[in-house]
Amino acid sequence: MVNWGIVGAGGISSRFVADLKVLIANPAGPNKIKHTIGAVASTQIEKAEKFINEFIGDGYGTKAVGYDEVINDPSIDVLYIGLPHTLHAPFVVRAIEEGKKNILCEKPITINARELEDILAAAKKHNVFFMEAMWSRYFPTFLELQKKLYDDKVIGDIKKVQCTFNTDSKEFPITPEHRAANKKLGGGALLDIGIYPITYARTFLDPSADPTKDWSISSELIMESLTGNKADEVDFVASAIFNDKTRKQQASISASFHTESDGNIVSIEGTLGRAYVKAIGDTPSPQGYKIVLKDGSVIEKDFFADLNGGEGFWYEAVEVGEVLAKGGKQSELMSWDESRKIMWVLDTIRKQNDFFYEQDQ
Ligand SMILES: NC(=O)c1ccc[n+]([C@@H]2O[C@H](COP(=O)([O-])OP(=O)(O)OC[C@H]3O[C@@H](n4cnc5c(N)ncnc54)[C@H](OP(=O)(O)O)[C@@H]3O)[C@@H](O)[C@H]2O)c1
C-alpha cells in the first residue's frame, strides 16, 4: 500500500489526484499495488479542504493539512510535490531532512543543477526514494516505440528527432498572473515546457549517449515580459539543436508560449523511414505512434484505451509503488543521474543565452 500526501492545492495536483483515483479504481502494474490519498497539504487549510471536496471527494479518507503536518505525518509514505519550480528544492530538502519522506516531485526538478545536487545529497543521506515526475517516460507508447526503434531497428539507424511543444490555450492561458510567466517563480518556456522536447530528444536519440559529453548544443531564446518590465522577462520561445557527431544524430527542439500544440509534436527520421508520436490534444502525453516506412508500409498503434479514462499521470504513480515495494530509492527510467543530465541541458541553454534566475547567484 502507498499512502500519498499531495503538496500544493494547485493545477497539476488536481490532475494528479484525478489520475490517482483512476489507479485506485483500476490497480495496475506487475504487483497491482494499492494506493490511497492520505492528505492534501496547502498553505491554507481551507484551500486544501476545498480541493478535497472538488477533486477527490468522500470515501478516500483524505485529510486537509498544512505543509509541516504532512512532512511529519508517519502514515504518509510518499509526497507528491505540485509546487512552482522555485519551491521544489527548498521544500523537498526540508521534507527529506525533517520527515525522511519519499518524494515524487514535478518537473523541472529544480531551477538548476546546484539545487538538484542539494536534493540528491539529502536523499542519499537519509536513504529515501526520490524521482522527478517526468510522466511521459512511463507511457506504454514511449516504452514500446523506444524498443521498436532501438532494439528492433524498425526505421533503421535513427538520424534526426524533431520535437515542438507549445502551450497557450483557453484551458492553460499564459497570463501575467500565471506562474509560467513569473520570473520569481521560475517562469519561462524552456523550464516549463521545453523540458518535454528535451526529454523526447533524449529518449529517441541514442539513449546510451551522455548529453554532457556527446552533445554539442546551440540554442536561442526569445525573452518577453507580460508586465512590460525588462527585469521580469522570461523566455517565451526556446529553440535548440543537439548534435551528436559520434553517432551522427541530431535533434531540433522548440517550445513556445504563443500557441497550443495540436498533437503532432514529435517526428523521428531513420534510414528506413519515419516515426511520429501522437500526443493527446495539446498535452505532451504520448498516446500512440505511427511508423511510415520508405517501402510504403505503415505500422500504427493507439494506446488511448489503456488510459482507463485518466490522463496518464497514474503510470508514474505505478512506478513509484513498484520501486517502493522493492525498497528501491530511484526509478530506472527517470534515475537521479538522468535528472542530472536533463538539468545540465537546461542549464547549458540558459547560460548560452545569459538567462539567469535568483537561484543561479
Ligand atoms: N507534469 C505536467 O504535465 C505538469 C503540468 C503543469 C505543471 N507542472 C509542474 O507542476 C508545478 C506546479 O505547477 P501548477 O501549474 O500546478 O502551478 P499552480 O497551479 O500555480 O499551483 C502551484 C501551487 O503551489 C502552492 N504554492 C505555495 N507557495 C506558492 C507561491 N509562493 N506561489 C504560487 N504557488 C505557491 C499553491 O498551493 P497551496 O497554496 O495550496 O500550497 C499553488 O496552488 C510546476 O513545477 C510545473 O512545472 C507539471
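The shell around the ligand comprises 11 nonpolar, 8 polar and 6 charged residues, where Ala, Val, Leu, Ile, Met, Phe, Trp, Tyr, Cys and Pro count as nonpolar, Asp, Glu, Lys and Arg as charged, and the others, Gly among them, as polar. The model is predicted, so local features need pLDDT of at least 70 and side-chain atom pairs pLDDT 80 or more, while totals for chains, interfaces and linings use all residues. Residues are numbered from 1 along each chain as its sequence is written, and side-chain values use heavy atoms, with hydrogens and water left out.

Of the 25 residues around the ligand, I12, S42, T43, Y67 and K107 come nearest; a residue is near if one of its heavy atoms lies within 4 Å of the molecule. Both domain 1 (2–134 + 315–329) and domain 2 (140–302 + 338–360) contribute to this shell, so the ligand lies between them; the domain bounds come from an automatic or database domain assignment. At least two shell residues come from each of α1 (11–25), α4 (85–99) and α7 (189–204). Helices (H or I, at least four residues) and strands (E, at least two) are DSSP runs, numbered from the N terminus.

Polar contacts are pairs of N or O atoms within 3.5 Å; within protein, one must be able to donate a hydrogen and the other to accept it, and residues adjacent in sequence count only if both atoms are side-chain atoms. An oxygen atom of the ligand lies 2.8 Å from a backbone N or O atom of A9. For H88, a polar side-chain atom is 3.1 Å from a ligand oxygen atom. A side-chain N or O atom of E106 lies 3.0 Å from a nitrogen atom of the ligand.

A cis peptide bond joins K107 and P108, with omega about -15°.
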